[in-house]
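Subject: Structure handover

Hello,

Here is the structure I said I would pass on.

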Amino acid sequence: MEGVSVDDKHKIVVAVDESEESMHALSWCLSNLVSHNSTTTLVLLYVKPPPIIYSSFDMAAHIFSADVIVAMEKYGTDLVNSVMKRAEAVFRNFNRNVNVEKVIGSGEAQDVICDTVEKLRPDTLVMGSHGYGFLKRAILGSVSEHCAKRVKCPVVIVKHPHDKTTLPSNSSLKHDDGF
């Protein structure tokens with residue numbers, strides 16, 4: 001169409017963590033959502049767990065608090081670096097025009113992801129699915145389900161190919177039609 005400008009810039013937030021599922025979601029995103037013809041900003045979002053808060057009555061916390069806090073902060077930093085290096089290895093394998101931004105949040109994953117998406121206003125949020133069964137999902141909750149209900153942009157939840165909750169192919173289903 002003449003005179004019509006098509007916006008070829010996209011922003012995609014990909015929630016990443018230590019799991020194989022999140023790296024698979026990142027890979028899927030690069031293969032299926034990032035075009036060669038567009039400039040895409042890929043925001044890698046990692047959420048650190050909320051800090052542990054000790055009560056003033058916890059004597060062990062007073063004795064070991066400085067050492068424990070320093071060790072936990074170092075572990076958290078090492079974990080962030082490890083996840084981001086794994087993510088970099090994934091997108092390095094794709095020959096795409098991608099600008100990568102890294103965002104680190106701290107708190108409950110579902111809240112941090114939703115708040116970050118609200119602030120950044122991306123075109124899409126991509127998340128991996130851990131493939132929890134009904135009972136685990138009922139107890140632990142589903143971060144991806146919570147985010148899909150709350151954010152205003154489209155959400156893509158990528159199942160891992162080895163996810164055991166998927167149905168078998170039609171060829172292996174047996175139908176009992178009463179014949």
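Predicted model: local features only at pLDDT ≥ 70, side-chain atom pairs only at ≥ 80, totals over all residues.

Helix α1

Helix α1 runs over residues 20–32, which makes 13 residues. From first C-alpha to last it reaches 18 Å, close to the 18 Å expected at 1.5 Å a residue. Its buried residues are Glu21, Ser22, Met23, Ala25, Leu26, Cys29 and Leu30.

Ser22 is worth a separate look. This residue of helix α1 counts as buried because its relative accessibility is 3%, and the cut-off for buried is under 20%. A polar atom of the Ser22 side chain lies 3.1 Å from the backbone nitrogen of Asp17. With neighbours within four places in sequence left aside, Ser22 is in contact with Ala15, Val16 and Asp17.

Nonpolar cores

The largest nonpolar core has 21 residues. Val14, Val16, Leu26, Leu42 and Leu44 have the most contacts inside this core. Two or more residues each come from β1 (9–16), α1, β2 (39–48) and α2 (59–92). Of these, α2 gives the largest share, seven residues.

What does Leu42 touch, not counting residues up to four places away in sequence? Its partners are Ile12, Val14, Leu26, Cys29, Leu30, Val98, Asn99, Val100 and Glu101. Among them, Leu26, Cys29 and Leu30 are also on the list of buried residues in α1.

There is a second, separate core, of 14 residues. Leu45, Ile113, Leu125 and Cys147 are included in this second core.

Cysteines

How many disulfides does the structure hold? The count is zero. A disulfide is a covalent bond between the sulfur atoms of two cysteines, and the cut-off used here is 2.5 Å between the sulfurs. Two cysteines show how this works out:

- Cys147: the closest cysteine sulfur is that of Cys114, at 3.6 Å, so the pair is too far apart for a bond. Cys147 counts as buried because its relative accessibility is 0%.
- Cys153: the closest cysteine sulfur is again in Cys114, here at 9.3 Å, which is too far for a bond. Cys153 also counts as buried, because its relative accessibility is 12%.

Regards

How values were computed
Residues numbered from 1 in each chain as written. Heavy atoms only, no water. Helix = DSSP H or I, 4+ residues; strand = E, 2+ residues; numbered from the N terminus. Expected span 1.5 Å × (residues − 1). Buried < 20%, exposed > 50% of the residue type's maximum accessible area, 1.4 Å probe, protein only. Polar contact = N/O pair within 3.5 Å; in protein donor to acceptor, adjacent residues only side chain to side chain. Contact = heavy atoms within 4.5 Å. Core = buried A, V, L, I, M, F, W, Y, C linked by side-chain atoms within 4.5 Å.
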